[in-house]
Amino acid sequence: MSSNVLVIEGDGIGQEIIGQARNALDVLNQQESLNMTFSEAMLGGRAYDQYGHPYPEVTQQKARAADAILFGACGGPKWDGATERHLRPEQGLLDIRADLDLFANFRPAIAFPQLVSSSPLKPEKVAGLDLLIIRELTGGIYFGQPRGIRTLENGERQGFNTDVYSESEVRRIAKVAFEAAMKRNKRVCSVDKANVLEVTVLWREMMEAVAKDYPEVTLTHLYVDNAAMQLVVNPKQFDVIVTGNLFGDILSDEASMITGSIGMLPSASLNEKSTGFYEPIHGSAPDIAGKNIANPLATIMSAAMMLRYSLAAPTAAERLESAVSAVLDRGFRTGDIWSEDSEAQGHKKVSCSEMGDAVVSALKA
Ligand code: NAD
Ligand code: IPM
Ligand code: MN
């Protein structure tokens, strides 16, 4: 049976990092007879330039028909401010997440032993870290109404957003988190701001309610400010963190650096029924776009998550992850994971495409 993979480069470094993931997938497709067929579509700023919309109709149709979607990143200074809010590149990404109901975003922060010295934290804090952040992706303040900028009676303008979560939205992400914990170390830490925000008072209540169905799992709660601090003090205390859209966005960037670089953290956005969406957690990195220096490994590992979760190809996924580990063993380092001791260790400073080529070579070895 063939599977139809939609590949979306997006903007900035999107093209560079997706190119490397595609090369690796092409090799696996052949070696493992995966029968993947690939098609391309546009989403984000370049899509807006070409079609007048960041999530154009043609992309919508292809996305809904795909078995899985591999995405790079979108956005950039070209479209900041110059584009109406609802037509911004980032809105295209929010639109596709909502359109496909991709409410469960898995962001695994796993420390490769080879990269512990790339982390700004002490190696002993990082070694062995295996943390899964589950971020609710289609609700909360990102989507709540009303929102906007209004003019007050005194003529001053006021910006406003609304943070909302319904019981059913929390229940379904809670179930995802507990199910994930059952396959891991059976600990869920729910992160909220229930000391201040009613929306998270309900969130906490629903987490407790769902926990009753998972007696083997230990549920704890942290306020988000403390959680941000605890991640730096002792990241290994966590197994699964479940949190809302905004807190999950912030905490996952923080967690990525603990593992060495934002260029290392993949993600999968899923629901029970439709297309899975796979993307690195980082953005389009306009500051390094076009220079062939971005780290493609977060995207390559997102492709591995795609093989595992959407394409039922666990062996191929494992082989791809092992290939990543092998190139790190061989000392290949893009600039973002080049560490203080890299020179002494004899690491090789490589470009985006050299890193991708090294992964391909490891797959072929
Ligand atoms: P960013 O993640 O693009 O970049 C933050 C920093 O990390 C930059 O210094 C960048 O060079 C570095 N970086 C990111 N990815 C890297 C990689 N693979 N290898 C090496 N270094 C990497 O965040 P930002 O600068 O805040 O945002 C830039 C644009 O990307 C904005 O338009 C933003 O809205 C958008 N964005 C998109 C996504 C997405 O598409 N999922 C995610 C975050 C930000
Ligand atoms: C991410 C990004 C997006 C988000 C933006 C670009 C809409 O930061 O995927 O983490 O905030 O979800
Ligand atoms: Mn983000």
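Q: Which conventions apply to the predicted model?
A: Residues are numbered from 1 along each chain as its sequence is written, and chains are lettered from A and ligands numbered from 1 in the order in which they are written. In this predicted model, local features need pLDDT of at least 70 and side-chain atom pairs count only at pLDDT 80 or more, while totals for chains, interfaces and linings use all residues.

Q: How is the protein chain divided into domains?
A: Domain bounds come from an automatic or database domain assignment. Here, domain 1 comprises 1-103 + 271-365, and domain 2 comprises 113-260. Their centres, taken over C-alpha atoms, are separated by 24 Å.

Q: How many residues of domain 1 are in contact with domain 2?
A: Two residues are in contact if their C-beta atoms, placed from the backbone, lie within 7 Å. On this basis, 13 residues of domain 1 are in contact with 15 residues of domain 2.

Q: Is Glu136 buried or exposed?
A: A residue is buried if 20 or more other C-beta atoms lie within 10 Å of its own, exposed if 12 or fewer, and partly exposed in between. Glu136 counts as buried because it has 26 C-beta neighbours inside 10 Å. Leaving aside neighbours within four places in sequence, Glu136 is in contact with Phe103, Glu169, Ile173, Gly244, Asn245 and Gly248.

Q: Which residues are the closest to ligand 1?
A: A residue is near a molecule if its C-beta atom, placed from the backbone, lies within 6 Å of it. Ligand 1 is surrounded by 22 residues, the closest being Gly75, Gly263, His282, Gly283 and Asn295.
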